[in-house]
Amino acid sequence: MSLTIDRLEEEFQAKIDAGQNIEPKDWMPEKYRKTHIRQISQHAHSEIVGMLPEGNWIGRAPSLRRKVALLAKVQDEAGHGLYLYSATETLGISRDELFEQLHSGKAKYSSIFNYPTLSWADIGAIGWLVDGAAIINQVMLTRTSYGPYARAMVRICKEESFHQRQGYEIMLTLCRGTEVQKELAQDALNRWWWPSLMMFGPRDADSTHTEQSMKWKIKRKTNDELRQQFIDITVPQAEFLGLTVPDPDLKWNEERGHYDFGAIDWDEFWQVVKGNGPCNKERLDARRSAYENGAWVREAAMAYAEKQEQKRLAEVG
Amino acid sequence: MSTTNWPLWEVFIRSKSGLEHRHVGSLHAADAKMAMENARDVYTRRQEGVSIWVVPSSAITASNPAHSGELFEPAQDKAYRHPTFYDLPNELKHI
C-alpha cells in the first residue's frame with residue numbers, strides 16, 4: 001500500500017516539476033488538498049470581507065462618478081469571492097462548511113480588512129495600495145499549480161486593474177486639490193502603507209509554509225520577493241503624487257537595484273491576525289448577521305424552485 | 001432537496017466575435033432562471049458575451065484523467081489525419 005502512495009507522490013511531483021496543472025479529479029497528496037482548501041477559501045473570504053470597508057463609503061462618495069466606480073468595484077469583489085469559493089469546492093468541501101469556518105473564526109481572511117476606513121481618502125489608498133499589493137500576489141498566482149485556482153486568478157487579474165486605477169485616480173484628484181484634500185491623502189497613506197506591506201505575510205525566514213509551497217508550485221515567488229516588488233513599483237507612484245511614504249529608512253539602493261526599507265512591526269501583524277485588530281469583531285459580526293438575515297431568501301428561493309418543479313411534473317405526468 | 005443547498009451550475013458564454021460557447025465558471029442557484037440571471041450578473045459585467053448556457057453540473061460527464069492514456073491513445077499514431085503528412089510541391093497554390 002505504501003509503495004503505491006510513494007509511486008503516486010513521485011508521479012504527482014513529476015507533474016508539478018514539468019509545469020503541468022493539477023486538476024480536481026487528479027490524485028493529490030492529502031496535504032496538498034488541505035493546504036489548498038485553506039488557502040483558496042481564505043482568499044475567497046478576503047474578497048467578501050473586503051467588500052465591507054469600502055462598502056462603508058458608497059453612501060458618502062463625493063460624486064456620481066466616484067459612486068458608480070466604487071459600487072462596481074465592490075460588486076466585482078463579490079464575483080471574485082464566487083470564483084474562489086467555486087475553486088475551493090472542487091476540492092471536496094461545501095459552501096456551507098466554508099461559511100461555518102469563517103463565521104466561527106476557524107478560517108482567516110486577509111488581515112488588511114481589519115482596519116477601518118476613516119475618510120474618503122482611504123478609498124483612494126485602498127484601491128492604490130491594497131489592490132496594488134493584491135495584484136502583485138495574484139499575477140504570481142496565475143501560474144500556481146492547481147488549475148481551478150490559476151484560472152480564477154486569470155479572471156480576477158483582468159478585473160483588478162480597474163480597481164487600482166480607480167484608487168490612484170482618487171489619490172491624484174485629492175493631491176491636486178485643496179490643502180485639506182492633500183492632507184487627507186497623506187494621512188490615508190500614513191495609515192495604509194505598513195498594513196499593505198504586511199499583506200505579503202511574514203518574512204521568508206519566519207514563514208513555515210513557504211518551502212513546501214514553493215516545492216508544490218503553490219507559490220511561485222516568496223513573501224519577501226513579492227513585498228520588494230511592491231515597494232519598488234509603488235514608491236515612484238507616491239513621489240508622483242507628491243506624498244511622503246511614512247518610512248524614514250526608505251532609500252534607493254543603487255547596488256541592489258531595489259529600495260531598502262524600514263522594519264515592519266510584526267507584533268502588530270500577529271495581533272491583528274490573532275483577532276485583536278481594530279475591526280475584527282465588526283467584520284465578523286457583519287458577515288454573520290448578513291448570513292443569518294439572508295437565510296429566509298435562500299429558503300424561499302429553494303421552496304419556490306421545488307414548487308415549480310412539482311407543478312411541471314404534475315403537468316407532464 | 002435541502003433548503004439551503006442550491007445545486008451547482010456550469011456557465012458557458014459565447015462572445016460577440018466567438019464561434020463557440022466557452023466554460024467560464026460555475027455558481028449555485030435554486031433553479032435555471034436564477035442560474036441564468038446570476039450568470040449574467042457575474043460573467044458578463046464587461047460585455048463578455050452575447051449568449052449564455054447554464055447547465056446543471058450533474059448533467060456533465062467528464063473523462064477520467066486516470067484513463068486519459070487509453071482514452072486518447074487511438075489518435076496518437078495517426079499522423080495521416082494531419083495536412084502536413086501530405087507532401088506536395090511548393091509551387092502549387094491554394095491546396
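This is a predicted model: local features need pLDDT of at least 70, side-chain atom pairs count only at pLDDT 80 or more; totals for chains, interfaces and linings use all residues.
Hi everyone. Let me begin with one residue: B:Gln47 is exposed, with a relative accessible area of 69%. B:Gln47 lies in the loop of chain B that runs between helix H1 (32–43) and strand S3 (51–56).

For chain B the mean pLDDT is 91, and 96% of the residues reach 70 or more. For the complex, the predictor gives an ipTM of 0.84 and a pTM of 0.92.

Now, back to chain B. Which other residue has a positive phi without being a glycine? That would be B:His94, with phi near 55°. You will find B:His94 in the segment after H2 of chain B. B:His94 is exposed, and its relative accessible area is 86%.

Let's stay in that part of the chain for a moment. B:Tyr80 is in the segment after helix H2 (68–72) of chain B. Is B:Tyr80 buried, exposed or partly exposed? With a relative accessible area of 41%, B:Tyr80 is partly exposed. Together with B:Phe85 and B:Tyr86, B:Tyr80 makes a nonpolar patch on the surface. The accessible area of those three residues together is about 350 Å².

One more stop in chain B is a pair of charged side chains. B:Arg22 and B:Glu20 form a salt bridge, and their closest N and O atoms are 3.2 Å apart. B:Arg22 is exposed, at a relative accessible area of 57%, while B:Glu20 is partly exposed, at 40%.

Next, the interface. How many residues of each chain are in contact with the other chain? There are 21 from chain B and 22 from chain A. In general, the size of an interface is often given as the accessible area lost when the parts come together. Here the area buried between chain B and chain A is about 1,800 Å², and carbon and sulfur atoms give 55% of that area.

What about charges across the interface? We count 4 salt bridges between chain B and chain A. If you'd like one to find on your screen, look at A:Asp76 and B:Arg46, whose side chains meet in a salt bridge at 2.5 Å, N to O.

Let me widen the view to salt bridges in the whole structure. The search finds 28 of them over all chains. In general terms, side chains of opposite charge can pair when their charged atoms come close. In chain A, A:Glu89 pairs with A:Arg95 in a salt bridge, with 2.5 Å between the closest N and O atoms. Are these two residues buried or exposed? Both A:Glu89 and A:Arg95 are buried.

Chain A also has a salt-bridge network, which links A:Glu54, A:Lys73, A:Glu77 and A:Asp131.

Then there is a pair in helix H12 of chain A. The side chains of A:Asp285 and A:Lys281 meet in a salt bridge, 2.7 Å from N to O. Why are A:Asp285 and A:Lys281 separated by about one helical turn? Because they are 4 residues apart in helix H12 of chain A. A:Asp285 counts as partly exposed, at 32% relative accessibility, and A:Lys281 is exposed, with a relative accessible area of 61%.

Helix H12 (residues 280–293) of chain A also holds A:Tyr291. A:Tyr291 is partly exposed, with a relative accessible area of 22%. Leaving out residues up to four places away in sequence, A:Tyr291 touches A:Asp96, A:Phe99, A:His103 and A:Arg298. To give you a sense of distance, A:Tyr291 and A:Gln138 are 153 residues apart in sequence and 27 Å apart in space, C-alpha to C-alpha.

Where is A:Ser111 placed? It is in the loop between helix H5 (95–103) and helix H6 (120–141) of chain A. At 15% relative accessibility A:Ser111 counts as buried, because the cut-off for that is under 20%. Again leaving out residues up to four places away in sequence, A:Ser111 touches A:Phe269, A:Val272 and A:Val273. From A:Ser111 to A:Gln308 there are 197 residues in sequence and 44 Å in space, C-alpha to C-alpha.

Technical notes:
Residues are numbered from 1 along each chain as its sequence is written. Chains are lettered from A and ligands numbered from 1 in the order in which they are written. Side-chain values use heavy atoms; hydrogens and water are left out. Patches are made of residues with over 30% relative accessible area and no salt bridge: like charges are joined within 9 Å, nonpolar side chains (Val, Leu, Ile, Met, Phe, Trp, Tyr) within 5 Å. Accessible areas come from the Shrake-Rupley method with a 1.4 Å probe; for residues, only the protein chains shown count as cover. Helices (H or I, at least four residues) and strands (E, at least two) are DSSP runs, numbered from the N terminus. Buried means under 20% relative accessible area, exposed over 50%, partly exposed in between (1.4 Å probe, protein chains only). pLDDT is the predictor's confidence in each residue, from 0 to 100. Contact means heavy atoms within 4.5 Å. Buried area is the accessible area (1.4 Å probe) that two parts lose on being put together, summed over both.
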